[in-house]
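Subject: Structure handover and notes

Hello,

Please have it open while you read.

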Amino acid sequence: MLGDVIVYRNLIGGELRPAADGRTLDSVNPATGETWARIPRSGPAEAEAAVAAARAALPRWAAMPALGRARYLRQVADLFTRHADELARLETTDNGRVLRDTLHRDLPGMAFLWQLAAGQVLDAVKGDTVLLGPDALGLTRREPYGVVACVIPWNSPVSTFSAKAAFALAAGNTVVVKPAEQASASVLRLAELLAEVFPPGVLNIVAGLGEEVGEALVGHRGVQKVSLTGSTETALRITRTAGVKPMTFELGGKSPVIVFDDADLDRAVDGVTVNSIYTGNAGQVCVAGSRILIHRPIWAELIQRIAERAGKLVLGEPLDLATEMGPIVSREQYRRVVSYLELAEAEGAERVFGGRYGAAVVEALPGGYWVEPALYTTTDNGLRICQEEIFGPVAVALPFDTEAEAVRLANDSRYGLAAGVWTRDLGRAHRMIRDLEAGTVWVNTHRQMPPGLPFGGVKDSGYGHDAMIEYTREKAAIIQI
Ligand code: NAD
């Protein structure tokens, strides 16, 4: 604590430490614009120390029987249960994601996820036997990569941290995590809790800027695998810095939500507004349904009903459980979203609702980074607002006449993270699942990512996904008997 400001530290080699040169970054509460915490501004020295600690811890951790590692993971699951309320409030204060999501949706899933990883540890040590002939046997062995660097974004820090670290650790790797500069507090609080759980060096957490500590970490020769959740642009930079290391990339999206005229519109309206784009994290969600494709016979009705529902959304203090939509995470991201509102007008898209931003949107919290939910319409999917990831509560709707046209519009994107389909026609649902270029297709639902199913993208949305297998490599052995 420094006055009312909480000061967080890195976790390196089992110790909580500030950056060696004492530099910090401010953590700003996006609902108020006020600094409420400080995080270390780490650099190459901290990346070096964290990788050295992870390397030193690797031999014992990797050699530990898998069920021994599972015992540690279960302790983490218990921690998540005991500290769910505290961690949810910290995360909401830090990034503005509403408490009804962090507390009721994200945190309850975390204990389960660490339990799941604990239950799957044997998958990391399973191999195949191949009879190559009467006197020859082939074997495969799964081995951990070594030191894994996990680089995570600001929109769901605890969830993204867990999805990576739980499986990487279960598989016998040691880990260095780099949370995002805009929202590191919940992960750095976890560092304090996890310092008591893992042997020193097994899990390290270093906060700071992507171009400083992030680059030094992913480019380090002692790191054998990089897992990034972030933007496509960062992934491109990382491939240049990290060289030929294996990567898992979970990147951006411009996900289509396709509503057919046979859909249950009562459910689709909520699916499009509440679940898909506006609430939760004010559109700052990788799978946000930011392109709404509407079957022409229901175009006018659906647009009107989305507008009515969006008009009732409760914006404001994210810590209030009644609040459905919070602020934009940072001043920089706020300016970016506002620039897209201006671009939408300049490109000639038609505004249905929204477009206001700034203090007037939530008068009680004038210092916050507020953007009203907005919807534009167009018939030109080539517009930049249809092609670029805005990462805010801004959607664009386009009409279509046939199933084939819906597929063509949906797939006309550099991204392929997720897609939503609203229909009562089972055959159509299956055709869409087959034809849409996306890592996940939701039918009559949105934004569900249950553990146990893969989650990843195609095209510029990345490849690979956070699962045990991604954190192991396979070795072949041939034995002549
Ligand atoms: P970002 O790419 O700017 O940052 C992500 C992380 O990468 C941060 O920790 C950042 O510090 C780090 N970083 C930045 N430059 C780096 C570099 N040169 N070397 C190493 N690390 C570097 O993304 P963001 O703004 O934090 O998050 C938003 C993006 O993340 C959106 O594109 C969103 O779609 C995507 N995202 C994807 C998923 C998914 O699962 N597919 C989930 C959440 C967010």
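Predicted model: local features only at pLDDT ≥ 70, side-chain atom pairs only at ≥ 80, totals over all residues.

Residues are numbered from 1 along each chain as its sequence is written, and side-chain values use heavy atoms, with hydrogens and water left out.

The pairing continues into an open sheet of 3 strands, in the order 6-7-23, and it is antiparallel. Strand 6 (129–133) and strand 23 (472–480) are the edge strands, each pairing on one side only. From one strand to the next the twist averages 25 degrees; the angles come from axes fitted as lines to C-alpha atoms (for helices, over the stretch in contact) and run from 0 to 180 degrees between N-to-C directions.

A salt bridge also links this region: K475 and E143 have their closest N and O atoms 3.0 Å apart. K475 belongs to strand 23 and E143 to strand 7, so the pair ties together parts that are 332 residues apart in sequence. The term salt bridge stands for a side-chain nitrogen of Lys or Arg within 4 Å of a carboxyl oxygen of Asp or Glu. K475 is partly exposed at 44% relative accessibility, whereas E143 is buried at 15%. For those words, buried means under 20% relative accessible area, exposed means over 50%, and partly exposed lies in between (1.4 Å probe, protein chains only).

Which residues cover the two faces of strand 11, and are they buried or exposed? K225, S227 and T229 on one side are buried, and so are V226 and L228 on the other.

Strand 11 pairs in the parallel sense with strand 8 (residues 147–151) over 4 bridges, and V148 has K225 as its bridge partner. Strand 11 also pairs in the parallel sense with strand 12 (residues 247–250), again over 4 bridges; there T229 stands opposite E250.

**Helix 5**

Helix 5 (residues 157–170) has 14 residues and spans 19 Å from first C-alpha to last, close to the expected 20 Å. That expectation is 1.5 Å times one less than the number of residues. The helix is largely enclosed by the rest of the structure, because 14 of its 14 residues are buried. After helix 5 comes G172, with a positive phi near 100 degrees.

**Positive phi away from glycine**

R447 has phi near 60 degrees, a positive value in a residue other than glycine. R447 sits in the loop between strand 20 (440–443) and strand 21 (458–459) and is buried, with a relative accessible area of 4%. R447 also takes part in a network of salt bridges with R97, D101 and D106. K459 is another non-glycine residue with positive phi, near 50 degrees; K459 is in strand 21 and is partly exposed at 34%.

How many salt bridges does a search of the whole structure find? The search finds 32. One of them joins the side chains of R414 and E233 (3.4 Å, N to O). R414 lies in the loop between helix 13 (403–411) and strand 18 (415–416) and E233 in helix 8 (residues 232–242), so the pair ties together parts that are 181 residues apart in sequence. R414 is partly exposed at 34%, and E233 is partly exposed at 39%.

Another salt bridge is formed by D401 and R296 (2.9 Å, N to O). D401 is partly exposed at 42% relative accessibility, and R296 is partly exposed at 41%.

Happy browsing, and best wishes

Notes
Pairing = 2+ DSSP bridges.
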